[in-house]
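Subject: Structure for your files

Dear colleague,

Here is the structure we discussed. My notes on it follow below.

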Amino acid sequence: MKFIKMLKGIQLLEAPRRWPIASVLSIAITILLITQIYQSGQSDNLEPLVRWSVSLYIALLASLSVTLTFNHRLSIIQHHLIALIVAIVVCLSVYYFLPPDLFEMDTVATFRASIVILILILIFHLWISMGSFLKTRDRDFDFWGYNLTLLRWVVEGLLFALVLYIGFSLALLALDNLFGIYISGKMYAYLWVFLLGVFHPWYILSKLPIKPSTETMSDDAGYGYRIITRYIAIPIVGIYMLILYLFGAKIVISQSLPRGWLGKLTLYFCLIAIIAYLFNRYLDYKHSDRISFLYKKWLPKILVIPTLLLWVAILARVSDYGITELRYGVMGIAVWLTMLALGYTFRPNAKISWIPLSLSIVMLFMLISGPINMFQSTVRSQKTRLQIALSEEGLLQNGILVPPQSATAIQGFSELSLFRFLEERTNLASLDIWSQEDPFWQNSNTDLSQTDAVIAYLGLRQETNTLKFNEIRYALDQLGEIDMGGYSSIFHFSIPNDKDDRLISLSKDRSTLVIKIADQNTWDISVQELMEAYRIHQKRYKENSVPWTFSMRNQNVSFAIYFLQLDASQTNNRLSINYASGVLLQ
C-alpha cells in the first residue's frame, strides 16, 4: 500500500516547472536514443546521433551543477537563463571535441575521449552533490541529508521505471499474442529508453528543489548506515590498513619493492576507507559513540602511510615505463588522497563537502590544457623515453636520428612500441630528432604508417615472438594501375616456384621472403614483419579493396612489394609462408 501511495504521489509535471532546461534536454536525449534504435541495421552513419546524445547528457549535468552551485544568488529567471547558456556552451564544446571515429573502439582518440567524458560526468555529479553547500554554514548532517535524499530519489525512480516497464511490456505482449497485433521487438526497447530517459530524470527533477534543503531527511535513515559502518565497513577497513602496514614493514625490511598488485590494492583499500569515513561522519552527528569518534579522528593519520605506498608504487612504474593516461589518473588519485590525509589531519573538523570538492578540483586539473594536462604529460614522458632508448642503441647522434651502418634488430620492440605509442597520440614529424635536410616522411611510401616509415628509413629489422598472429589470408582480385614511384623495374612473382634466377624467393623453412638486390646481396623479410604490416593494413582498410604494399627504402636498399595473394600460417609454433604472389618493384 505504501508503494501505491508513493506511485500516486508522483508529480512529474513539477519537473519542467522547476527545471525546464534539464527536462527538455532529457526529452531530446530520449528522442536521439530512440532514433538510434530505429535506424540500427538500416543506417551505418549513427555516429552523429551518438555524439549528440553524449553531448546533451553532459550539458544536462552541467546546467544542473552550475545552477545548484549559484542558486543562493539567483532569481528564477536568472536561474533558467544561466542553465540555458551553460547547456548550449557545454553541448557544442563536447560535440566538437568528440573524435569523428567515435565507433572505432580500438583507436586512441576514442579511448582519450572516453576518459574526458567520464571525468566530466564525475565532476558534474560531484558538483550536483555539493554545489549548494559550498558557501553555507550548514553542518555535515545537512550535506548528508541532501545527498541521502537524492540517492533515495534515484533508487525510487529506477524502481518505479522497472515496475512500469514490466507492466507495459506485459500489455504489449498480450496484444501481440492474444489479438494478433504485430508488436516490433524494438517497441520494448523504445519503452525502456523512454522510462529511463524521461520518466526517471523527471521523477528526480520533480522533487529536486531549486534551493535544496534537508527537511525531507528522516531520522530513521541512520539505523541502516550505523549497522553497515560500525559492524562491516570499519572492521574491514581496519583489516585492510593492517595488511598495508605489514606490507610496508616488509618492504622496509627486505629493501625491495614488489611489482604489480601493490599500487592497485593500496588504491582500492584507501578508496574503501574514504567511503567508510563519509558514512561515519554522518553517524558522528546522529549516533556518535567511541568507535565513530576514534575512526573520524585517526583515519586521516592512518592513511598517510598507505598513501605513501601508493606514491612509491606509481612512481616506480613511471620510472620504468613512463607516464600513460591511466598512470596519470592514478597519480591524480594519489594527489587527492594526500590532500585528504593531510587536510583532515591538521583540520579534523573541516566540512565533509571538502572530499568531493577536492576530487573535482584534481579531476579538473587533469583536463586543463598546459604542462599538467594528462595527455600532454603522457606524450612528453614517452618522447623522453624514446630519446633515451634511441641514444642507448646508438641511433641518436647529436640529437638527430641516423640509420645504422648495417641492419640492426630491435630486440623486444622497445623503440618500436614507443614509436607506435607516440604515433597514435601525435605526429611523429613533431619529434625533434629528424634531420631537416632529409626528413624520413618525404621519402617513405605513402601506404606505410609513420612508425613503419621510420623502420624503413633506419633499415631496422624486427625480431620478436610476441606477435599474436596465427595466419594471413589476403587476396586481391587485381592490382589495377601501379604507381612506379621512382622505381625503375617491375617483376611479377609467384612463389614457391622452380626458377633459379628469381628475384624473390622463399627460405628453406618458408619463414622468410628473400629479395635479391644490387651486388648479389639479399634482403630478408620475416613472417613476423609481414604480419605486422598486414595488421596495419587491416586496421586502415576494412576490406581488400586497396593493394597491400610492403616497402623498404633507405640508404642500403630500395624496393616495394604489391601483394596480390599471401597465405601464411603457424604450425607447431613455427610461422611459415604457404603461397604468395604479386609485383616486386626495384
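Helices (H or I, at least four residues) and strands (E, at least two) are taken as DSSP runs, numbered from the N terminus. On that basis L278 is in helix α10, residues 261-286.

Before the rest, the conditions. The model is predicted, so local features need pLDDT of at least 70 and side-chain atom pairs count only at pLDDT 80 or more, while totals for chains, interfaces and linings use all residues. Residues are numbered from 1 along each chain as its sequence is written, and side-chain values use heavy atoms, with hydrogens and water left out.

Overall

The chain has 19 helices and 12 strands. Of its 586 residues, 48% are buried (buried means under 20% relative accessible area, exposed over 50%, partly exposed in between, with a 1.4 Å probe and protein chains only). Contact means heavy atoms within 4.5 Å. Among contacts between residues at least 6 apart in sequence, 72% join residues at least 24 apart.

Helix packing

Two packed helices are described by the angle between their axes and the distance between the axes. The axes are lines fitted to C-alpha atoms, for helices over the stretch in contact, and angles run from 0 to 180 degrees between N-to-C directions.

Helix α3 (residues 20-39) packs against helix α4 (residues 47-69) at about 160 degrees, with the axes 9 Å apart. This makes α3 roughly antiparallel to α4 (angles under 35 degrees count as roughly parallel, over 145 as roughly antiparallel, 65 to 115 as roughly perpendicular and the rest as oblique). The crossing of α3 and α4 is left-handed, that is, the near helix is turned anticlockwise from the far one by less than a right angle; clockwise would be right-handed. Residues in the contact include A22, L25, I29 and L32 of α3 and L49, W52, L56 and L60 of α4. By class, the contact of α3 with α4 has 14 nonpolar, six polar and no charged residues (Ala, Val, Leu, Ile, Met, Phe, Trp, Tyr, Cys and Pro count as nonpolar, Asp, Glu, Lys and Arg as charged, and the others, Gly among them, as polar).

α4 also packs with helix α6 (residues 108-130), at about 30 degrees and with the axes 8 Å apart. That makes α4 roughly parallel to α6. α4 and α6 cross in a left-handed sense. Among the residues making this contact are V54, I58, L61 and L68 of α4 and I117, L120, F124 and W127 of α6. The contact of α4 with α6 divides into 13 nonpolar, three polar and no charged residues.

Single residues

L278 touches W144, I352 and I355, not counting residues up to four places away in sequence. Its C-alpha atom is 9.2 Å from that of K296, 18 residues away along the chain.

S353 is in the loop between α13 (325-346) and α14 (354-367). With a relative accessible area of 7%, S353 is buried. Neighbours within four places in sequence aside, S353 is in contact with M130 and F143.

V330 is in helix α13 and, at 23% relative accessibility, counts as partly exposed. Outside four places in sequence, V330 is in contact with L310 and I314.

Cysteines

How many disulfides does a search of the whole structure find? The search finds zero, a disulfide being a pair of cysteine sulfur atoms within 2.5 Å. C91 is buried at 8% relative accessibility, and C270 is buried at 0%.

Regards
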